[in-house]
Amino acid sequence: MTTSVPEIQQIVDAVRTRRRFVLSSHSRPDGDAIGSQLAMAYALRTMGKEAEIINVDPAPAPLMAFPGVADIQLASSVDGDFDAAIIMECGDLKRTGVSGFERFFVINIDHHPGNEAYGQINWFDASAAACSEMVYDVVRALGVPLTREIATHIYLAILTDTGSFHYSSISPRTFEICRECMAAGVDPVLVARNVYDSNNMGRLKLFGAVLGAMQIDQSGRIAIVYVDHEMARAAGGTYEDTEGLINLPLTVKEIEAVVFFKQEKGDEYRVSLRSKGDVDINAIAKEYGGGGHKNASGCTISGPIEELQRAIVGKIESAINGRPAGR
Ligand code: 5GP
Ligand code: MN
């Protein structure tokens, strides 16, 4: 355990001396956002504290099967009275999509490079494979037993944030924590089935349509995928159903990076980027005002789609050519 980190002790002291907590994370929450928040919420409740989770967007549908997810409150502002806000897995307060947290004592726990240190306590660790690894440390330092609920959410967050143990952020600690979670009663088979094998038919058809229209750049190393509202409607799926689709082109040996354009409205697109190994696509997302991690980033951009595609693919080609040799 990393109790030598001074921020962990600060968090422990701040939690012990307070009673009512509001928890949040980034908009369009992913598995790490949901898992980190719920692991923390269950830990606080075990200590006899009050813990409410407020998010601006609902959890991805497959995660509704996990304990406590259905009780997350959806709102764009926080109205109640709390002794502290614990924001996890979120680089800046605006990305919560919920206003009002700045009124409280803010504890910021995150692993995104570029975190804006917006809290009274800021614990940032880019080496964590998931924010839930950091939550695990806090739970342990608080002396809270690792219940099955807490362990399930920590494991869920690691499983999803590492892309099922695919990304380079994984460390020996990742497996130590997963080992502890399994010893605490987590069933990895059941978690994987709930996360990955609970799709609807519209999702599968939409995957087919989007992958059928996929383009490959001239180098053969970059996949370009695209979805708009019309494609989703025709397949009987929704944009939420495209969650995870971006990882599929990466399963092709030669493909080193994927860019996924989702039309929002008119010329506005949500862009997701993924890469393998040392191909750093985070810098590209940042150039467009977004962010994320070396192998998984995103941004929102506007313009004619052909131009946007050409510009981003060009930048990815440079990232592939500029990486250290051999990886
Ligand atoms: P996704 O492509 O799944 O939306 O996001 C991949 C990663 O990039 C996640 O870690 C997410 O937090 C981060 N990310 C996505 N979009 C944005 C954005 O607009 N701004 C920032 N700072 N990070 C983003
Ligand atoms: Mn994360």
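At 55% relative accessibility, M201 counts as exposed, where exposed means over 50% relative accessible area, buried under 20% and partly exposed in between, computed with a 1.4 Å probe and protein chains only. M201 belongs to helix 7, which covers residues 201-212. Helices (H or I, at least four residues) and strands (E, at least two) are DSSP runs numbered from the N terminus. Between the C-alpha atoms of M201 and D241, 40 residues apart along the chain, the separation is 9.8 Å.

The structure is a predicted model, in which local features need pLDDT of at least 70, side-chain atom pairs count only at pLDDT 80 or more, and totals for chains, interfaces and linings use all residues. Residues are numbered from 1 along each chain as its sequence is written, chains are lettered from A and ligands numbered from 1 in the order in which they are written, and side-chain values use heavy atoms, with hydrogens and water left out.

**Helix 4 and its surroundings**

Helix 4 comprises 14 residues, 148-161, and spans 20 Å from its first C-alpha to its last, close to the 20 Å expected at 1.5 Å a residue; the expected span is 1.5 Å times one less than the number of residues. Because eleven of its 14 residues are buried, helix 4 is largely enclosed by the rest of the structure. Among the buried residues are I150, H153, Y155, L159 and D161. The buried residues of helix 4 pack against helix 2 (31-46), helix 3 (131-141), helix 5 (172-183) and helix 6 (188-196), contact meaning heavy atoms within 4.5 Å.

S132 is located in helix 3 and is buried, with a relative accessible area of 0%. Leaving aside residues up to four places away in sequence, S132 touches D32, S36, I154, A157 and I158. Of helix 4, I154, A157 and I158 are themselves among the buried residues.

**Positive phi values**

Helix 4 is followed by G163, whose phi is positive, near 55°. S164 also has a positive phi, near 55°, in a residue other than glycine. S164 lies in the loop between helix 4 and helix 5 and is partly exposed, at 28% relative accessibility. R28, another residue other than glycine, has a positive phi near 45°. The loop between strand 1 (20-24) and helix 2 holds R28, which is partly exposed with a relative accessible area of 46%.

**The site of ligand 1**

| Residue | Atom of ligand 1 | Distance |
|---|---|---|
| R95 | oxygen | 3.1 Å |
| R270 | nitrogen | 3.0 Å |
| R274 | oxygen | 2.8 Å |

Taken alone, ligand 1 exposes 480 Å², of which the protein buries 78%; accessible areas come from the Shrake-Rupley method with a 1.4 Å probe.

Note on methods. A polar contact is a pair of N or O atoms within 3.5 Å; within protein, one must be able to donate a hydrogen and the other to accept it, and residues adjacent in sequence count only if both atoms are side-chain atoms.
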